[in-house]
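Please keep the model in view while reading.

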Amino acid sequence: MIGLVDYRTAWTESTSLIEDIPHPQRVHLFEDTYARASTGLVYPPHKLAEKVLDPQLMKDLQGRKGKTAFIFASGNSHLAGMNGKEKHSRLWYDYKLLPMTLTQVYAGRIAQACGVKDLVTTDASACASSLKVLMDVQSLMILNGFDRVVVLSFEDPISNNVLQFFGDAQASLSVKQQEEFKVIPSAFDSNNFGFYVGQGAVLSVFESARVMDKLPHAWLVSAYSASENSTNAIGQREDGEGFVKAIEGCLWSCRQLANSVSVVKTHGTGTRSNNQAERNALDLVMTDNYVATSFKPTIGHTMGASGLLETCLLLDALKQTGKVPAIKNRTEADPVFLSEDTEPDSGLILSLAAGMGNIYSAAIFDPRV
Amino acid sequence: MDFLELFNEVTKVAKPVFADQLTPIADPLTPFKETHVDSLDLLMVVIYMCEIYGVSEEVGKNAKPACVAELQAFLEEHKTKEPASVQEALGQIQ
């Protein structure tokens, strides 16, 4: 059995308006990550990562016995924001330490600080990254004899490059769209839709039961990723084929039926295409006795970190309140895609994520420890 | 200002975590390969030091110090400014 034994998260509900870019938009931003970035000596993504790099946990990891792997689920092989564009933007900087923007180099440094010497690797599965690597976590621990896998995940979401790319694609919610449609971020809603981009990070530790010296926060029961038959590498099929294959693969891997799942943490970007694809997939695969939520309307789309980070937030909410949080800004009463905080039935948690490049990931957790 | 003290403080900025637990380098002639300063740390430290001493990136790229004393000699040769204190220097790179 594999347990999620430790995690640290960083995220913010507060938003800032970035005006001096081609697609002005609100973002969930830790303003301090950009302090002195314009000198080229401070790198905002690393400042974000430092919010979860708990020295005490890392020191503790150095002393734990067994074979350990380190995975940096970075979403991309190179952190996106060199920010060469839009020199007048307050997000502009020209970082002088190029090697440190390479994700595998950064992974090596952090792994070293955690005392990990057995395997260091990265993952570039875009916004599915942190959930996708859970398939690797299972493989490493079940097939390759690893006792522990440390997963760090963050990206560089608040950067000129990402905001322009997402703005061009009309993926993130721009000021112009908000004014035109009179909407605020939400998911699976007829009135509100869309997301703000958000900074977020998660550091987590998965351990085999054979080396665990404390109860985990949850068991990692299964993880599976899939692609779909598509000619559009940045789009989603309306029928949700990719989500369906990921969910079914995940259920099959742990020999569970859909009715054993009581909570779904959706990818839940709130875009019209994701609303349709994910809802169709859930309608097809799931039975009626589950509730679904999305954290992106609350904390923004933290890209590669989102899948695992949001799962940890769900575990926090269940532990603290016993309830699954409602989807923020939901305007319609709905017993499934929640409009109110709801106490779920006892059961498994299904977490979903999707990433550009046609990747869909699912993971099943059991919070009953 | 004690250059060795400055070097040890700048090294802490370069290290990702546990910076406060590093053993300071005591002898400026100790080769870096015998210390906790690895090649990436050194790359970062040189860039930080060039910023502090007003050495251009173009010139700074030629710095290949094997120990603290060699880095100090390089900076003395190419500097266009000098910090008044360690605190002032750190303020420029953090």
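Over all chains, the structure holds 13 aromatic pairs, a pair being rings of Phe, Tyr or Trp (its six-membered ring) with centres within 6.5 Å. The model is predicted, so local features need pLDDT of at least 70 and side-chain atom pairs count only at pLDDT 80 or more, while totals for chains, interfaces and linings use all residues. Residues are numbered from 1 along each chain as its sequence is written, chains are lettered from A and ligands numbered from 1 in the order in which they are written, and side-chain values use heavy atoms, without hydrogens and water.

Tyr43(A) and Tyr93(A) form an edge-to-face pair, with 6.1 Å centre to centre and 80° between the planes; planes under 30 degrees apart count as stacked, over 60 as edge-to-face and the rest as tilted. Tyr43(A) is buried at 2% relative accessible area, and Tyr93(A) is buried at 0%, where buried means under 20% (1.4 Å probe, protein chains only).

The contact (heavy atoms within 4.5 Å) takes 18 residues from chain A and 19 residues from chain B. In chain A, Leu41(A), Lys96(A) and Arg109(A) lose the most area to chain B, together 39% of what that side buries; buried area is the accessible area (1.4 Å probe) that two parts lose on being put together, summed over both. There are three salt bridges between the chains, each a side-chain nitrogen of Lys or Arg within 4 Å of a carboxyl oxygen of Asp or Glu. A salt bridge joins Arg109(A) to Asp38(B), at 3.7 Å from N to O.

Terms used: Buried means under 20% relative accessible area, exposed over 50%, partly exposed in between (1.4 Å probe, protein chains only).
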